Structure formats: structure tokens, C-alpha cells
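Some terms used for a protein model rest on set cut-offs. The questions below ask how a few of them apply here.

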Amino acid sequence: MFIGLYVLLVLTEEGFFWHLKKNYSTFHDSLRIRRVAGVFHYDRNIRYNLTFQEAKEACEKDFAASLADRMQLFTAYQQGLEECRAGWISSAEVAYPRVHKNWNCGQNHTGIITYGIRENLLERWDVFCYNPHRVSCGGVLQGDKGEFQSPGFPQSYPSNMDCTWEVTAPPGHLILLAFHSMALEEHKGCQYDFITVFDGKREEGVELGRFCGSQLPPPLRSSSNTMTVQLRSDASVELDGFSVRFHSVKPPS
């Protein structure tokens, strides 16, 4: 464990102040966060493992996004974005937003908690990406067959996602859904990251199952020409996600 003193600079709406902190390894995810104003936190599934160049590539290659800049991060903070893990932003600065007071996350300070512009670009942190069009997530799919994946697949999906895919087959047909890859956070009750499949539209359909972990669900069949798949993720432990195929079938005689 690294123990030492470092200078922590906090940007608040009132201005700057300096603070000394001891033992940075106590930082942890303590609150759920939201993706806000195009800004989202990303770590490629390994905490504090991205150099500055790798952070840029992770945003660009995995999500067609860019590194968030200071103003974008501050705007997201003003609208409610919150993290307890520091990440690169575009000026080679390392920072994270805090909305609520928490001793382990900025010692009860709020605003943009920053470690300043880093001279060593080989240091390893997480990253804050920016995509004003938001990461592609969910949609309406129509036709006899098709395939869709979680955002960023086969790289890890972002945290705090709520994605819904509504699949519609031609009238008079049912839908057969088959997962070909799945890696989500494991939990006995699937309370953290999970996929829910509904027979019909989500609002009115019957839940066919909730799935997480790495064991592939069995093939699932709808009772009508509509089926819905929902992916939800929490604020930590993002894995590879899933890939699923569907095709229409005639109802049994």
C-alpha cells in the first residue's frame, strides 16, 4: 500500500483551495453515479490502469468519444455527476466530481476534486470520456433476424447504464432469442449488473428471466411478435457485456 502526502486541489463554485491528504488508497466507490451531459467514467474493467494515451484510446476506440475537458466535467458535476475515483481529462489533469460530502471522497469537500496536471503521463488512472451524442444504447429492432450487443462489446460496458432493446418480428411470428456471449458482474440475486428479458414490451410484458454472471441463459421464446431486453449496470465492476442473436419463428401448431 502506498502511504504518503500529496497535495489535493479542489475546485468549488467559490474558488480554489489546497488540502493535504494522507493515504490515497482509501478512495472507493461509495455512491451511485449518473451519466450526465455527455460525460461518463470509464476504466476498461481494471481500476487505475490507464496511462494518458491509453485513456484517450479507450474513449475513442470503445465509444467513439473524446476525453472530457474541465468545463465538460464541471457542467456534468453541476447537473449531478458524481464519482469517487479519479480519472484523466483532456488537459492531462486528473480529477473527479463530488456532489455530496464524504470523508473518503475528497474529505467532505464538493466540486471538482483535482490532483492537477500530471507531468508523468505514464501514471495510471481511470478516465472521464465525453460523447455529446451519448454512447449507443438500446433501440428498436425489426425484422426476421438480427444481432445486438452491450455498449462497447467486447470491451467492458460503462457504469450506470439503463439500455432497452425492443425486438419486433413480422406479424404472426414469434421471436427466438439466443445469447452467444455474456459476462456481467456476478451476484446471487443479480442486483448489481443484470439483463432482464421480457415477453412483450417492458411496460406490459411478463419477465422471462433476470441474468448476470457468465453462464449463458437458455434460448428464450416470446409468445407474440415482440420481446424486450434490458441491461442495467451499477457504479462499479464493468465486465465484457453480452452479444445476442434473434430470429423469427412460426408459432407451434
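**Strands, burial and confidence**

Q: Which residue in β15 does L176 stand opposite?
A: L176 stands opposite R221 in β15. The model is a predicted one.

Q: What is the order of the four strands in the open sheet?
A: The order is β10-β17-β12-β15, and the pairing is antiparallel.

Q: What makes β10 and β15 stand at the edges?
A: β10 (145–149) and β15 (220–221) each have a single partner strand, so one side of each lacks a neighbour in the sheet.

Q: Why does S243 count as buried?
A: Buried means under 20% relative accessible area. S243 has 6% relative accessibility, so the residue counts as buried.

Q: Where is S243 placed, and which residues does S243 touch?
A: S243 lies in strand β17 (residues 241–249). Leaving aside residues up to four places away in sequence, S243 touches E147, F148, Q149, F153, F179, H180 and S181.

Q: Where in the protein is confidence lowest, and where is confidence highest?
A: The lowest mean is 28, in strand β2 (residues 15–22), and the highest is 98, in strand β5 (residues 87–88). Over residues 1–33 the pLDDT is below 50, and this stretch has 95 contacts in the model beyond near neighbours in sequence. For the protein the mean pLDDT is 82, with 85% of residues at 70 or more.

How values were computed:
Residues are numbered from 1 along each chain as its sequence is written. This is a predicted model: local features need pLDDT of at least 70, side-chain atom pairs count only at pLDDT 80 or more; totals for chains, interfaces and linings use all residues. Side-chain values use heavy atoms; hydrogens and water are left out. Two strands pair if DSSP finds at least two bridges between them. Helices (H or I, at least four residues) and strands (E, at least two) are DSSP runs, numbered from the N terminus. Buried means under 20% relative accessible area, exposed over 50%, partly exposed in between (1.4 Å probe, protein chains only). Contact means heavy atoms within 4.5 Å. pLDDT is the predictor's confidence in each residue, from 0 to 100.
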